[in-house]
Amino acid sequence: MTPDRGVAVCPGSYDPITNGHLDIIRRAAALYDEVVIAVVNLPVRKGKTLFSAEERVGFIKSATANLDNVRIEPFDILVVDFARRVGARAIVKGLRAISDFEYEFEMNQLNRHQAPDVESVYLMASEQYSFLSSSGVKELATFGGSIEDYVPDDVARRLKEELGR
Ligand code: ADP
């Protein structure tokens, strides 16, 4: 009998998706029956996004087309409420540096208080992506740095159109 491994949610602003996000998504897809990538539609943490929710969702769709247990949904409610709505038992997040840990530690306490039934699970960033962030890639693109190793091709092209000088 195959064990029921349930649904997991991978939330984020994904502005835009990077190879570091994709690494976490692939690893989550190997652990759970279904992974729902929840794309923040009203970012409170980081202000306005560079790409619209539609475009961010589109980038993720093409980058995950080969993963048949992954789907993408924009959301604008509490992550734990979204997790309950899609029947998820876990919120899966990637952890890079100590700075991620501090933020996630705080969010974990708040989320646990809101919804003790939804567990948060943390996957350590793979070594080659542990320095990689969407904001870092945007900064590189602004100053004409090479971004091809960090994001899918269509994302690199759009970043250069939006930010290249
Ligand atoms: P960012 O911090 O890059 O703007 P998001 O807000 O979209 O990313 O974060 C979504 C999730 O992906 C978070 O759990 C974040 O820690 C994780 N994440 C982002 N970049 C990486 C990476 N390079 N390696 C592992 N996890 C990552």
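**Briefing: sheet, cores and salt bridges**

Asp100 is buried, with a relative accessible area of 13%. The model described here is predicted. Five strands form an open, parallel sheet, the structure holds 14 salt bridges, and the largest nonpolar core has 34 residues.

**The sheet**

- The five strands of the open sheet follow the order 3-2-1-4-5, and their pairing is parallel.
- Strand 3 (70-75) and strand 5 are the edge strands, each pairing on one side only.
- On average, neighbouring strands of this sheet are turned by 30° against each other, direction ignored.
- Six bridges link strand 2 (residues 34-40) to strand 3 in the parallel sense.
- Ala38 has Glu73, in strand 3, as its bridge partner.

**Helices on the sheet**

- Helix 1 (residues 19-31) packs on the sheet and touches strand 1 (7-12), strand 2, strand 3, strand 4 (88-95) and strand 5.
- The direction of helix 1 makes about 125° with that of strand 5.
- Helix 2 (residues 53-63) also packs on the sheet, where it touches strand 2 and strand 3.
- The direction of helix 2 makes about 155° with that of strand 2.

**Nonpolar cores**

- Within the largest nonpolar core, of 34 residues, those with the most contacts are Tyr14, Ile17, Val35, Ile37, Val92 and Leu159.
- At least two residues of this core come from each of strand 1, helix 1, strand 2, helix 2, strand 3, strand 4, helix 5 (134-142) and helix 6 (153-163).
- With five residues, helix 1 gives the most to this core.
- Another core, of 14 residues, lies apart from it and includes Val7, Val9, Val80 and Ala88.
- Leaving aside neighbours within four places in sequence, Val92 is in contact with Ala8, Val9, Cys10, Pro11, Ile24, Ala28, Tyr32, Val121 and Leu123.

**Salt bridges**

- Side chains of opposite charge can pair when their charged atoms come close.
- Arg71 forms a salt bridge with Glu73, and the closest N and O atoms of the pair are 2.3 Å apart.
- Arg71 is partly exposed, at a relative accessible area of 30%, and Glu73 is partly exposed too, at 26%.
- Asp117 and Arg84 meet through their side chains in a salt bridge of 2.8 Å, N to O.
- Asp117 lies in the loop between helix 4 (98-114) and strand 5 (119-124) and Arg84 lies in helix 3 (residues 79-85), so the pair ties together parts that are 33 residues apart in sequence.
- Asp117 is partly exposed, with a relative accessible area of 49%, and Arg84 counts as partly exposed at 41%.
- Asp100 and Arg96 form a salt bridge through their side chains, at 2.8 Å from N to O.
- In this pair Asp100 is buried, since its 13% relative accessible area falls under the 20% cut-off, whereas Arg96 counts as partly exposed at 40%.

How values were computed. Residues are numbered from 1 along each chain as its sequence is written. This is a predicted model: local features need pLDDT of at least 70, side-chain atom pairs count only at pLDDT 80 or more; totals for chains, interfaces and linings use all residues. Side-chain values use heavy atoms; hydrogens and water are left out. A salt bridge is a side-chain nitrogen of Lys or Arg within 4 Å of a carboxyl oxygen of Asp or Glu. Buried means under 20% relative accessible area, exposed over 50%, partly exposed in between (1.4 Å probe, protein chains only). Helices (H or I, at least four residues) and strands (E, at least two) are DSSP runs, numbered from the N terminus. Two strands pair if DSSP finds at least two bridges between them. Axes are lines fitted to C-alpha atoms, for helices over the stretch in contact, and angles run from 0 to 180 degrees between N-to-C directions. Contact means heavy atoms within 4.5 Å. A nonpolar core is a set of buried Ala, Val, Leu, Ile, Met, Phe, Trp, Tyr and Cys residues joined through side-chain atoms within 4.5 Å.
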